[in-house]
Amino acid sequence: QVQLVESGGGLVQTGGSLRLSCAASGSIRTFNAMGWYRQAPGKQRELVASIIRSGVTNYADSVKGRFTISRDYAKNTLYLEMNSLKPEDTAIYYCKTVLFGATVDSRGYEYWGQGTQVTVSS
């Protein structure tokens, strides 16, 4: 019964920055994998960034070098720092955690947040 709550979305211009937060119930230190997905209108949901318990991170090619995923154990919060934003980044961003699976793609004991809208204009 893990609960995830995203925040930090909004409207920014091309080249701007946003930091998304995902506050989790329980201790994220014990979660095997966490990540950020996004879904734009008319497009498939895609994995943007992930981090596993060891601290190893992974990024989609489209955001590599611009986005950074991180976590704060004390706050039980996952972050996505987004820089140099482009209109193509416009989407609803979702936080996901997997309690026992090896990757964020794992099925079972998976929990999702409600999503937060990111819109990049101009």
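This is a predicted model: local features need pLDDT of at least 70, side-chain atom pairs count only at pLDDT 80 or more; totals for chains, interfaces and linings use all residues.

Reply: A polar atom of the Tyr59 side chain lies 2.9 Å from the backbone nitrogen of Ile69. Tyr59 belongs to strand 6. With a relative accessibility of 19%, Tyr59 counts as buried, because the cut-off is under 20%. Leaving out residues up to four places away in sequence, Tyr59 touches Val48, Ala49, Lys64, Phe67, Thr68 and Ile69. The C-alpha atoms of Tyr59 and Val48 are separated by 5.8 Å, although the two residues are eleven apart along the chain. The bridge partner of Tyr59 is Ala49.

That bridge belongs to the pairing of strand 5 with strand 6 (residues 57-59), which is antiparallel and runs over three bridges. The two strands form a hairpin with four residues between them, and Gly55 in the turn has a positive phi of about 100°. Strand 5 also pairs with strand 4, again in the antiparallel sense, here over six bridges. In this pairing Arg38 stands opposite Glu46 of strand 5. The hairpin of strand 4 and strand 5 has six residues between the strands, and Gly42 takes a positive phi near 75°.

Strand 4 leads on to the aromatic residues. The structure holds three aromatic pairs. One of them joins Tyr37 and Trp112, with 4.9 Å from centre to centre and 50° between the planes, a tilted arrangement. Tyr37 lies in strand 4 and Trp112 in strand 10 (residues 110-112), so this pair ties together parts that are 75 residues apart in sequence. Tyr37 is buried, at 8% relative accessibility, whereas Trp112 is partly exposed, with a relative accessible area of 33%. Trp112 also pairs with Tyr94: the ring centres are 6.4 Å apart and the planes stand at 80°, so this pair is edge-to-face. Tyr94 is in strand 9 and Trp112 in strand 10, so here the parts tied together are 18 residues apart in sequence. Tyr94 counts as buried, at 16% relative accessibility. Through these ring pairs Tyr37, Tyr94 and Trp112 are linked into a cluster.

Thr97 is buried, with a relative accessible area of 0%. The Thr97 side chain reaches the backbone oxygen of Ala33 at 3.2 Å. Apart from neighbours within four places in sequence, Thr97 is in contact with Val2, Leu4, Phe31, Ala33, Met34, Tyr109, Glu110 and Tyr111.

In soluble globular proteins, nonpolar side chains tend to be buried together. The largest nonpolar core here has 31 residues, of which Trp36, Leu80, Met82 and Tyr93 touch the most other members. Two or more residues of this core come from each of strand 3 (18-24), strand 4 (33-39), strand 5 (46-52), strand 7 (67-72), strand 8 (77-82), strand 9 (91-98) and strand 11 (116-121). Strand 3 gives the largest share, four residues. Met82 touches Gly16, Ser17, Leu18, Leu20, Arg66, Phe67, Tyr93 and Val118, again without residues up to four places away in sequence.

Asn76 is found in the loop between strand 7 and strand 8. At 18% relative accessibility, Asn76 counts as buried. Setting aside residues up to four places away in sequence, Asn76 touches Cys22, Ala23, Ala24, Gly26, Ser27 and Ile28.

How values were computed. Residues are numbered from 1 along each chain as its sequence is written. Side-chain values use heavy atoms; hydrogens and water are left out. A nonpolar core is a set of buried Ala, Val, Leu, Ile, Met, Phe, Trp, Tyr and Cys residues joined through side-chain atoms within 4.5 Å. Buried means under 20% relative accessible area, exposed over 50%, partly exposed in between (1.4 Å probe, protein chains only). Contact means heavy atoms within 4.5 Å. Rings of Phe, Tyr and Trp (its six-membered ring) pair if their centres lie within 6.5 Å; planes under 30 degrees apart count as stacked, over 60 as edge-to-face and the rest as tilted. A polar contact is a pair of N or O atoms within 3.5 Å; within protein, one must be able to donate a hydrogen and the other to accept it, and residues adjacent in sequence count only if both atoms are side-chain atoms. Two strands pair if DSSP finds at least two bridges between them.
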